[in-house]
Amino acid sequence: GGRVMSISLEKVSYIYEDNSDIKKPALIDIDLEIGEGEFIGIIGHTGSGKSTLIQHLNGLMEPTKGRVYFEGKKSLRGKVGLCFQYPEHQLFETTILEDVCFGPMNFGASKEEAVKAAKEALKDVGISEELFGKSPFELSGGQKRRVAIAGILAMKPEYFILDEPTAGLDPEGRVQLLELLKRLNQEQGITIILVSHSMEDIASYVDRMIVMNRGRLEFDGDKEEVFSHQEELEQMGL
């Protein structure tokens, strides 16, 4: 039981063992602490280690070396929600409401509790009640993305990690989604972690930026501080 007070990584390294003798380190010596209620951007190219890093933050992966602590918490079940790229590909051909009920029921909620949580989550993401009985496939791209996010919110996570959350959305859909996440952070105190390869996209929303490069944590600080390293960021192609 208990809330997750913080997630901390101490000297975490992760090495992918492939079939050859070559061992590729995906994370090298990462020290990181994430507290409750933060709004964080993790930036880096494909292969920078950012995807491996977020899977350590929700316990999907365990470090080869070093330690990950989830303070105040024995089990992470449902506490850290992870939303992969294009989450709407995981929607089912049922009604929107049933789809969002799936997560909570999977975590042991009764049908009644699940429906209540699903309705709240759908309202939170701005999906109106007359859509609840429709199939997700009748929705626009931006609406589908929000339904997929509601599916995770219905499980009441304290930490919410989103991988490229605005991928494939039009400019209006992108702004709506980022505004929604900011609101969830401010009104519900959910720690939001946005993972992206594009700084412009998320810079105006996050408070803290973490820059990954070739498995290392290059920069971590408030965005003004991180942006002051213009030259290094340009060299990394960010």
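Which side chain of opposite charge is nearest to Lys50, and how far away is it? Hold that thought, everyone, and I'll come back to it after a quick tour. Please keep in mind that this is a predicted model.

Let's begin with the whole protein. It has 8 helices and 9 strands. For 238 residues, a compact globule would have a radius of gyration near 18 Å, and the protein has 18 Å, so the two agree. Along the principal axes, the C-alpha atoms fill a box of roughly 50 × 40 × 40 Å. Of the 238 residues, 50% count as buried. As for contacts between residues at least 6 apart in sequence, 68% of them join residues at least 24 apart.

Now, please find helix α3, residues 111-124. This helix has 14 residues and reaches 20 Å from its first C-alpha to its last, close to the 20 Å expected at 1.5 Å a residue. Its buried residues are Ala114, Ala117, Ala118, Ala121 and Leu122. Looking down the axis of α3, you'll see these buried residues fall within an arc of 130°, so they line one face of the helix. What do the buried residues of α3 pack against? Their partners are α2, at 96-106, and α4, at 141-153. After α3 comes Gly126, with a positive phi near 80°.

Let's step across to α4. Its 13 residues should span 18 Å at 1.5 Å a residue, and the end C-alpha atoms are 18 Å apart, which agrees. The buried residues here include Arg145 and Arg146, along with Val147, Ala148 and Ile149. Further along, Ala150, Gly151, Ile152 and Leu153 are buried too. The buried residues of α4 pack against helices α2, α3 and α5 (171-188), and also against strands β5 (80-83) and β6 (159-163).

And now back to Lys50, as promised. You'll find this lysine in helix α1, residues 50-57. Lys50 is buried yet has no salt bridge.

Technical notes:
Residues are numbered from 1 along each chain as its sequence is written. This is a predicted model: local features need pLDDT of at least 70, side-chain atom pairs count only at pLDDT 80 or more; totals for chains, interfaces and linings use all residues. Side-chain values use heavy atoms; hydrogens and water are left out. Helices (H or I, at least four residues) and strands (E, at least two) are DSSP runs, numbered from the N terminus. The expected span of a helix is 1.5 Å times one less than its number of residues. Buried means under 20% relative accessible area, exposed over 50%, partly exposed in between (1.4 Å probe, protein chains only). The arc is that of the directions from the helix axis to the C-beta atoms. Contact means heavy atoms within 4.5 Å. Lys and Arg count as positive and Asp and Glu as negative; His and the chain ends are not counted. A salt bridge is a side-chain nitrogen of Lys or Arg within 4 Å of a carboxyl oxygen of Asp or Glu. The radius of gyration is taken over C-alpha atoms; the globule rule is 2.2 Å times the number of residues to the power 0.38.
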